[in-house]
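Please look through the sequence and the structure shown here, and then read the short report that follows.

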Amino acid sequence: MGKPRASASSTTLRLAALAAMPAMVAVVCLWLFASGRVPLSIAVPWSPTLGIDLNLHVDALAIEFLLLIGGIGTAVFVYAAAYMRDDPHRGRLFALLTAFMVAMVGCVTVDNILALVVFWEITSVLSFLLVGFKHKYAPARRAAQQVLMTTVVGGLALLVGALLLGEVAGSYSLRHIIEAGPQLLDHPLLPFALGGIFVGAFSKSAQWPFHFWLPNAMAAPTPVSAYLHSATMVKLGIYLLARLKPAFGGLFAWEVTLVTVGAVTALWAMVLTLRERDLKRILAWSTVAALGTLVLLIGLPGPGAAEATAAFLLAHALYKAPLFFVAGNVDRFTGTRRIDHLAAMAKAMPWTAAAAALAACSMAGVPLSFGYVAKDLIGIAKTEGLAFEWVGYVTLAVSALTVAVASVAAVRVFWHGGGAPLPPVIREVPWPMLAVPLVVASAGIVLGVVPSLTGSLLDESARAMLPGSERALVGLVRADASSVGATAVVFLAGAAIFALWEPLHRLMSAATWLDTLSFAAWYDRGLKAISRTAAWVTSRLQHGFVPGYVGLQVLCVVAVVAAAIGSRPSLLWPAVEWPPLPVAVATAVIGFAALAACRVRDPFVLVLVSGLAGLGTALLAVFLGAPDVAATQFTVEVAFVIIVAAVIRQVRRFALPASVVGHRPLRAGIAVAAGALVAALVLLPAATPFDASASTYFGAHSLPAAFGHNVVNVILVDFRALDTLGEVVVILATLLAAWPLVQLLRRRPAGAAIGQAIVLDTVVRTLYPAMLLASVAIVVRGHDEPGGGFIGGMVAVAATALRAVAQGRDRALAGFPGGAIRVAGVGVLAALVSGLPAVVVGRPYLTHLWTEWSVGAFGAKVSTVLLFDGGVYLAVWGALGGIAALMIGLDERGAS
Amino acid sequence: MIWSVAIAAGALVAAGVYLTMSRDLLRSAIGLSLLAAGANVVVFASGRLGNTDAPFVDPGLQRLSATAANPLPQALVLTAIVIGFSLTCLSVILVLAIRRRLGVADSAALQAAEGVPGPADEEETDE
């Protein structure tokens, strides 16, 4: 027992030691600032061609955020090591927290707005992973999904905004954008750029109408809530807005948008707080309200607002993080966070109660706390923001509610008697969990007593938001009658709300229409609508009817290409002229065969008709000066007709009855459209100038460089030999794919021929060797005269097919020395090897070498070309001849 | 001449598309081969059709004469024909295998890979 515990506690220590990282960040920042090295710029090139760099720019505003990231981060790391002591997956939590910290540091220090977006999105993904940390718990998964959807959709808007902003400013550098900002205010794209940035910032910082995700994110472990969802990540939106304020803060739209959204968020979040019973969710709503206040402050003009933003940012982190820690302690101690069950906890948890009291003082803005300093500055900011007089009443109400919430957290939970009975102690709370909130909350009080401790950091930070503001924070705390009066009103109202918390809560909870109308409900409805729409689209598109798929795809292609053609009225059509008679005949044959193929129902006739179409194209090739193509097409058609006719000869039943064939007019329409489009694609280029450079090159170099008169063959075996090699491999692959399939099918009895006609047998006995001999001759002479490996190979395939028909499959396969697969494999190998000699003598692979060879009176040119073309021949013969023999050997009679 | 060849290509493609959309899988396979033939004609025509002498270097000359047909699309089409043939054979074998498995070569019977679409799971189960 002792050993695992020892190792577990040493793991805890090791994890706590990770706190050195955020602590280092904080210390380095303090040193940088204290030694006057700020602002600091470091150039880090990343992708200069894309205009993206990782240049760092650290000014006072960045330092303030870095201090939050490092300072609160240190507290969170120490606290989490103790809090997660018994969780077997705590290593994952620390890995994610560390990665998150790095991403946050990146966010607030990079100068390039695109790099900022990248870090921003990383924090969104890490937030998703951290909220869903307890992934076996369905609400956590749902909350994580909601966090991701909301912040990533916002991130997308931010990306668009950032790209547009870069477009507007001519640079993605934030510093450049800020410098150029005042000159850009009339740019027509600026509203769109700022719109995208607002959506991104508001969704990240949980502003109305994206406010709903933050309370749900409380499904995360408490240290995560304290770090991401109170102190740092949710303040990224604030950071970006504060960063851009010097550029665009003067816009009236900027002021109106931020002040309105911030005020609505703050007030609405505080009202919704009254509906909650969960301590963490109560704190989360008050965080939303605080973020709203910050957005409002950034929107307000005047130096006081900038100063108040800087101060409130710090004050909020210093009181909200300890309050989350307090909630975590209570949860750990009692096993619940519901305020119904919590009362008079002070006796059992004195240290936690003390921390809660200190933090609540700062939150409520009790004099001599740093919260009071911030509140006072907000008051000054209000008096300066004359245009927004109504804001004063909103902040007054928000402040009163904040006082009430602070009282709930500090007074109700710890000092208030009555309520539900005290639950039994679940677990002890280890001392780091007591010390951390106490230290952080004390910092919030110390800074309130001695505001000068913040030095000039807040002033400098405010100056980064509002260049030229000369107001100094120190000694600014007012004590005039109006501010004292306002404070008194806030405290009285807050106390009243606290006293009436239960009736108000019942009143608000009764208003269930708030739930049905809430954005959270609309979010759920939206998600359901997405899956319903997806199901509907799927049922329309993925109906399982294959011809429908084909038709839809063809239609889409036709529509897109036809639209592209139609949008260019400048396209020219070639002149209509009467074709030479042979071409006209060949076209007529093709047209007849195509039409007949659609009409005939008998499969045997269909195969014959498709062979006729092939013959038509062979004719066309003959008359258009392509004897090699014609020969290939001709042998292919012969072999195909032999094979397929043999396969389906006896099975006229193979065809489906005509009654199942439907949609004829529709299919015909699609087919005619596709045919017309293809005809147009043949015609349109014909009226444009032709770049014949490749063909001219081949024509000019075929004989001098490759020693071949047949240019087509030279292209195949020499100029483009690598392509040919690939094609030969494809043919071999076809055989390998067909082989196992054929084994599954029923075979004819061994040796049984289809023909069984003595005449045919006799003819084939002489024809087969003659055809093979001819095929070899076709290969050998192919370099200078019509022929080559492909044509020779196809002639040999036809010979094998004939033999299979006359003498049966096995005799035909026996004609391959070593078997069909081996012949094809040797062919591919020969083609591969034929390129190697060139490599040996230092030429590129597949450059063919020639040498004169003379024996006595005989002289012959010998070349690796022959090896290559022979390889092609063997591959075609082995693969396609093998397939042909196998297919002819199939017995389909028993299949149906 | 280009109009004639365009009509031939269009006719082959139209017949190919029409047959490919057939429920009868053998007709689909034949349609595919007609489609391939049509594509070959398109590639062939893309090299221009004016010159109709076979692309051989005449004896005594060092280069192709100006009246020779364009050799490049011929080389492309030649290999495409052979590959098209091998793929048509493979698709016929596949049709036979389907027929053996299902007893009928009807593409409407090919539903094993796709379930009947229904409403997606919207509710998660709590653990």
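## Salt bridges

Over all chains of this predicted model, the count comes to 13 salt bridges, a salt bridge being a side-chain nitrogen of Lys or Arg within 4 Å of a carboxyl oxygen of Asp or Glu. One of them pairs A:Glu502 with A:Arg277, with 3.1 Å between the closest N and O atoms. This pair links distant parts of the chain, 225 residues apart: A:Glu502 belongs to helix α21 (residues 501-510) of chain A, while A:Arg277 sits in the loop between α12 (252-273) and α13 (279-299) of chain A. Helices here are DSSP runs of H or I with at least four residues, strands are runs of E with at least two, and both are numbered from the N terminus.

Residues are numbered from 1 along each chain as its sequence is written, and chains are lettered from A and ligands numbered from 1 in the order in which they are written. In this predicted model local features need pLDDT of at least 70, side-chain atom pairs count only at pLDDT 80 or more, and totals for chains, interfaces and linings use all residues, while side-chain values use heavy atoms, with hydrogens and water left out.

## The interface of chain B and chain A

The contact (heavy atoms within 4.5 Å) takes 92 residues from chain B and 122 residues from chain A. Together the two chains bury about 9,300 Å², of which 73% is on carbon and sulfur atoms; buried area is the accessible area (1.4 Å probe) that two parts lose on being put together, summed over both.

Across this interface the rule finds zero salt bridges. On the side of chain B that touches chain A, at least two residues come from each of α1 (2-20), α2 (25-46) and α3 (71-102) of chain B, and α3(B) gives the most, with 25 residues.

## Backbone features of chain A

A cis peptide bond, with omega about 0°, joins A:Val38 and A:Pro39, and A:Pro39 has its place in the loop between α2 (20-34) and β1 (40-42) of chain A. Another cis peptide bond, with omega about 5°, joins A:Trp208 and A:Pro209, where A:Pro209 lies in the loop between α8 (190-204) and α9 (213-216) of chain A.

A:Phe707, a residue other than glycine, has a positive phi near 60°, and A:Phe707 is found in the loop between α29 (693-706) and α30 (711-719) of chain A.
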